[in-house]
Amino acid sequence: MTMIQRAGDALTLKPAGRFDFAACEALQAEFERELDTGFKAFTIDLSGCAYIDSAALGMLLYIDHVSGTDVAVRIVGVRGQVHDAVHKIHLDKVLNIFIR
């Protein structure tokens, strides 16, 4: 399940539980639904995720790519297995990731 919070021109998506291929489809649908609403700051809060797979890691790259330069993308709440996976493939060197 993905929780969505909007505050002005900032959007936060917060997937929970297993962030895997099935969850990616829901997150991508929510993100694309919101993409043209004009938000300028986008946060993905992974603090509720206990697990992330390669599809979800790819989704993080996709979101950063399609957001363009007009949207600030942040990934927060990275810890545990999620942190290990992000660090293992050096995604923390490519994306704006904030470790808790």
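Q: How many disulfides does a search of the whole structure find?
A: The search finds 0 disulfides. Keep in mind that this is a predicted model.

Q: What about Cys24, where is the nearest cysteine sulfur?
A: The nearest one belongs to Cys49, and it is 9.8 Å away. Cys24 is in no disulfide.

Q: Cys24, buried or exposed?
A: Cys24 counts as buried, because its relative accessibility is 5%.

Q: And Cys49, buried or exposed?
A: Cys49 counts as buried at 8% relative accessibility.

Q: Moving to helix 1. What should its 15 residues span?
A: Helix 1 covers residues 21-35, and at 1.5 Å a residue it should span 21 Å. Its end C-alpha atoms are 20 Å apart, which agrees.

Q: Which residues of helix 1 are buried?
A: Ala23, Cys24, Leu27, Phe31 and Glu34 are the buried residues of helix 1. They cover an arc of only 100 degrees around the axis, so they sit on the same side of helix 1.

Q: Why would a spacing like that put residues on one side?
A: An α-helix has 3.6 residues a turn, so residues three or four places apart point the same way.

Q: Which residues are exposed on the other side of helix 1?
A: Phe21, Ala22 and Arg33 are exposed there.

Q: What do the buried residues of helix 1 pack against?
A: They pack against strand 1 (2-7), strand 2 (10-15), strand 3 (17-19), strand 4 (41-45) and helix 2 (54-67).

Q: Strand 4 is on that list. How many of its residues are buried?
A: In strand 4, 4 of its 5 residues are buried, so the strand is mostly covered.

Q: How many bridges join strand 2 to strand 4?
A: There are 4 bridges between strand 2 and strand 4, and these strands run parallel. Thr12 stands opposite Thr43 of strand 4.

Q: In what sense do strand 4 and strand 6 pair?
A: Strand 4 pairs with strand 6 (residues 72-78) in the parallel sense, over 5 bridges. Phe42 has Val73 of strand 6 as its bridge partner.

Q: On to helix 2. What should it span?
A: Helix 2 has 14 residues, which at 1.5 Å a residue should span 20 Å. The end C-alpha atoms of helix 2 are 20 Å apart, in agreement.

Q: Which of the residues in helix 2 are buried?
A: The buried residues of helix 2 are Ala56, Leu57, Met59, Leu60, Ile63 and Ser67. Down the axis of helix 2 they fall within an arc of 155 degrees, so they line one face of the helix. Ser54 and His65, on the other side, are exposed.

Q: What covers the buried residues of helix 2?
A: The cover includes strand 3, helix 1, strand 4, strand 5 (49-52), strand 6 and helix 3 (80-88).

Q: What does Asp53 reach at the start of helix 2?
A: A side-chain oxygen of Asp53 comes to within 3.1 Å of the backbone nitrogen of Ala55.

Q: And what follows helix 2?
A: Gly68 follows helix 2, with a positive phi near 75 degrees.

Q: Back to Ser67. What does its side chain reach?
A: The side chain of Ser67 reaches the backbone oxygen of Ile63 at 2.6 Å. Ser67 is buried, with a relative accessible area of 8%. Leaving out residues up to four places away in sequence, Ser67 touches Phe31 and Val73.

Q: Where is Thr69?
A: Thr69 is in the loop between helix 2 and strand 6. Thr69 is exposed, with a relative accessible area of 80%. From Thr69 to Lys40 the C-alpha distance is 9.6 Å, at 29 residues apart in sequence.

Q: What about Val71, buried or exposed?
A: Val71 is buried, with a relative accessible area of 14%. Val71 lies in the loop between helix 2 and strand 6.

Q: Which residues does Val71 touch?
A: Not counting residues up to four places away in sequence, Val71 touches Phe39, Lys40, Ala41 and Phe42. Val71 and Val86 are 15 residues apart along the chain, with their C-alpha atoms separated by 22 Å.

Notes
Residues numbered from 1 in each chain as written. Predicted model: local features only at pLDDT ≥ 70, side-chain atom pairs only at ≥ 80, totals over all residues. Heavy atoms only, no water. Helix = DSSP H or I, 4+ residues; strand = E, 2+ residues; numbered from the N terminus. Expected span 1.5 Å × (residues − 1). Buried < 20%, exposed > 50% of the residue type's maximum accessible area, 1.4 Å probe, protein only. Arc of directions from axis to C-beta. Contact = heavy atoms within 4.5 Å. Disulfide = S-S within 2.5 Å. Polar contact = N/O pair within 3.5 Å; in protein donor to acceptor, adjacent residues only side chain to side chain. Pairing = 2+ DSSP bridges.
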